[in-house]
Amino acid sequence: MGCGAGSIAIPLAQAGHPVIAADFSPAMLGTLDAGIEYYGLEDRITPLELAWDDDWDLVGPVAKAVDVAFASRSVTTNDLKGALAKLDRTARRRCAVTMVANSSPRYDLHVMNAIGASVTRSNGFVYAFNILIQMGALPQVTYFESPRRDTFDSLEAGVADLSRMLEHGNEDKIDRLRDYIAQHMIENPHAGEPGSKGVPQGRYMLDHIRKVRWAFIAWEPVSAPRP
């Protein structure tokens, strides 16, 4: 299991603590601690404050300590090869990462294309695949899409929210964005109900579903167990 967008989840084979849930954010780990206590999972999940740039030999799991190590949407680091190698050296049987396979989840490509805004697409998953090949692994890639709904309570609230996408030279597209939202906002039949993050949904939404494409990359560890 993961504990947020910056998380590394490492299921253990040994009895006692089946899962290590790692994150660099104390606030995120605090939320995890509350959930562990609420569901009575103290003997099944071990939180660990851990970042990609940390020395895992000092603060992380020991080499080959787990059956499976995976990082979900969290491989954000200047040393991608080092991060993949850390997952590889930690797991005995399987490693996996999930990385965005088009543009940042912050963007709605449908909207950006409609208003003529430019979008930088991420090729991090391609680099990860090539690095794993260089490491001697045989990575397998599966693509999937996750749907997103942006809701808001008024036209101006929608503009204020979606204007987060207008960066890196797109700031002058704000009027086009307002016009697009005005033409494509519809009543949200689920207004007031909890959204994906537990926050009540707004009165309006756009007339299309925003989709984020992901690459799930899995491989068998290639690093040898330490003597």
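These notebook entries record what I looked up in the structure.

**Entry 1: the model as a whole**

I note at the outset that the model is predicted. I counted the secondary structure elements and found seven helices and 10 strands in the protein. I then took the extent of the C-alpha trace, which spans about 65 × 45 × 25 Å along its principal axes. The protein has 227 residues, and 41% of them count as buried.

**Entry 2: contacts, surface and charge**

I looked at the contacts in the protein with a separation of 6 or more; residues 24 or more positions apart account for 69% of them. For the accessible surface of the protein I recorded about 12400 Å². Carbon and sulfur atoms hold 54% of that surface. I also listed the charged side chains, of which 23 are positive and 28 negative. The centres of these two sets lie 6 Å apart.

**Entry 3: the largest pocket**

I asked which residues lie nearest the centre of the largest pocket. They are Arg73, Pro105, Arg148, Lys197 and Arg210, out of 32 residues in the lining. The volume of this pocket is about 1100 Å³. I next checked which elements supply at least two lining residues each, and found strand S5 (91–100), helix H5 (124–135), strand S6 (140–148) and strand S10 (210–219). S5 gives the most to the lining, with three residues.

**Entry 4: the cavity**

I searched for cavities of 30 Å³ or more and found one. The largest cavity has a volume of about 50 Å³. Its lining consists of Asp108, Arg148, Arg149, Asp150, Leu206, His208 and Arg210.

**Entry 5: tyrosine 180**

I located tyrosine 180 in helix H7, which covers residues 174–184. Is tyrosine 180 buried or exposed? Its relative accessible area is 8%, and residues under 20% count as buried, so tyrosine 180 is buried. I then listed what tyrosine 180 touches, leaving aside residues up to four places away in sequence: His110, Val111, Ala114, Ile115, Leu206 and His208. Finally, I compared tyrosine 180 with valine 159: they are 21 residues apart in sequence and 9.6 Å apart in space, C-alpha to C-alpha.

Definitions and conventions
Residues numbered from 1 in each chain as written. Predicted model: local features only at pLDDT ≥ 70, side-chain atom pairs only at ≥ 80, totals over all residues. Heavy atoms only, no water. Helix = DSSP H or I, 4+ residues; strand = E, 2+ residues; numbered from the N terminus. Buried < 20%, exposed > 50% of the residue type's maximum accessible area, 1.4 Å probe, protein only. Contact = heavy atoms within 4.5 Å. Areas by Shrake-Rupley, 256 points an atom, 1.4 Å probe, with all protein chains shown as cover. Lys, Arg positive; Asp, Glu negative; His and termini not counted. Charge placed at Lys NZ, Arg CZ, Asp CG, Glu CD. 1 Å grid on protein atoms, 1.4 Å probe; cavity = no way out; pocket = protein on both sides within 12 Å on 5 of 7 lines; lining within 4 Å. Points joined across faces, edges and corners; volume = space filled by probe spheres on them.
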